[in-house]
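User: I want to learn how to read helix packing and cores in a model. Where do we start?

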Amino acid sequence: MREPGGHESLVNQIGRGSEPAFDALYAGTAPAVARFAWSLTGTRDAAEELLQETFLTAWRKHGSIQLVNGSALPWLLVTCRNHARNHVRREIRQRELLERHDQSVAADPINGEAATQLRAALDSIRSLPEVDRLLCEWCLLQGYSYREAAQRLAISEASVGKRLHRSRQQIRRDSH
């Protein structure tokens, strides 16, 4: 790990778009963040996803990284924990949605196929990469515009459109 203060220089360089600085920050802190993510999730796949989300957030929000004694690690760990909490909340919301839908289907068994398709679509969305999953949740489920989603993720509207197009294709394949 770098000496105290080493992350400050890296964070400043990342703010100027330096990928080598980001790579150096990742190399120096990823093992600790990965261990922490593992402790929160208990599974390799979920820990890897948290690790990716944490560093994606660090890249996008480099200006808000709070250094503690010159180290970005505390900020990265808090960010990782917040992503883990968001995962839990999202799973609870999806489970509640499915339960409400299952209750309505029980009252109207003719719609059993629709329930099966909805469950498959939500499972497919859940399995998408983080950015694509967020875009589906925001644009397809919550009604965000492509512009709003692009601004939140610091990507172009065209990228939002392309990602959603690919995600819709994947959801269709998974739901049939």
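Analyst: Start with contact: it means heavy atoms within 4.5 Å. This is a predicted model. By that cut-off, Tyr146, Arg147, Ala149 and Ala150 in α7 meet Glu157, Val160, Gly161, Leu164 and Arg168 in α8. These residues divide into 5 nonpolar, 1 polar and 3 charged.

User: How is the geometry of such a pair described?

Analyst: Two packed helices are described by the angle between their axes and the distance between the axes. Here α7 (residues 146-153) and α8 (residues 157-175) pack at about 105°, with axes 8 Å apart. Angles of 65 to 115 degrees count as roughly perpendicular, so α7 and α8 are roughly perpendicular to each other.

User: Which residues of α7 are buried, and what do they pack against?

Analyst: Buried means under 20% relative accessible area. Ala149, Ala150 and Leu153 qualify in α7. They lie on the same side of α7, because their arc around the axis is only 100°. Their packing partners are α3, α6 (130-141) and α8. The face turned away from the buried side carries exposed Arg147 and Gln151. Just after α7, Ala154 has a positive phi of about 55°.

User: How many residues does the largest nonpolar core have?

Analyst: A nonpolar core joins buried residues through side-chain atoms within 4.5 Å. The largest has 22 residues; Val33, Phe55, Ala58, Ile65, Ala72 and Leu76 have the most contacts inside it. Helix α2 gives the most to this core, with 7 residues. A second, separate core of 15 residues includes Leu135, Cys136, Val160 and Ile171. Val160 is also among the α8 residues that meet α7.

Terms used: Residues are numbered from 1 along each chain as its sequence is written. This is a predicted model: local features need pLDDT of at least 70, side-chain atom pairs count only at pLDDT 80 or more; totals for chains, interfaces and linings use all residues. Side-chain values use heavy atoms; hydrogens and water are left out. Axes are lines fitted to C-alpha atoms, for helices over the stretch in contact, and angles run from 0 to 180 degrees between N-to-C directions. Helices (H or I, at least four residues) and strands (E, at least two) are DSSP runs, numbered from the N terminus. Angles under 35 degrees count as roughly parallel, over 145 as roughly antiparallel, 65 to 115 as roughly perpendicular and the rest as oblique. Ala, Val, Leu, Ile, Met, Phe, Trp, Tyr, Cys and Pro count as nonpolar, Asp, Glu, Lys and Arg as charged, and the others, Gly among them, as polar. Buried means under 20% relative accessible area, exposed over 50%, partly exposed in between (1.4 Å probe, protein chains only). The arc is that of the directions from the helix axis to the C-beta atoms.
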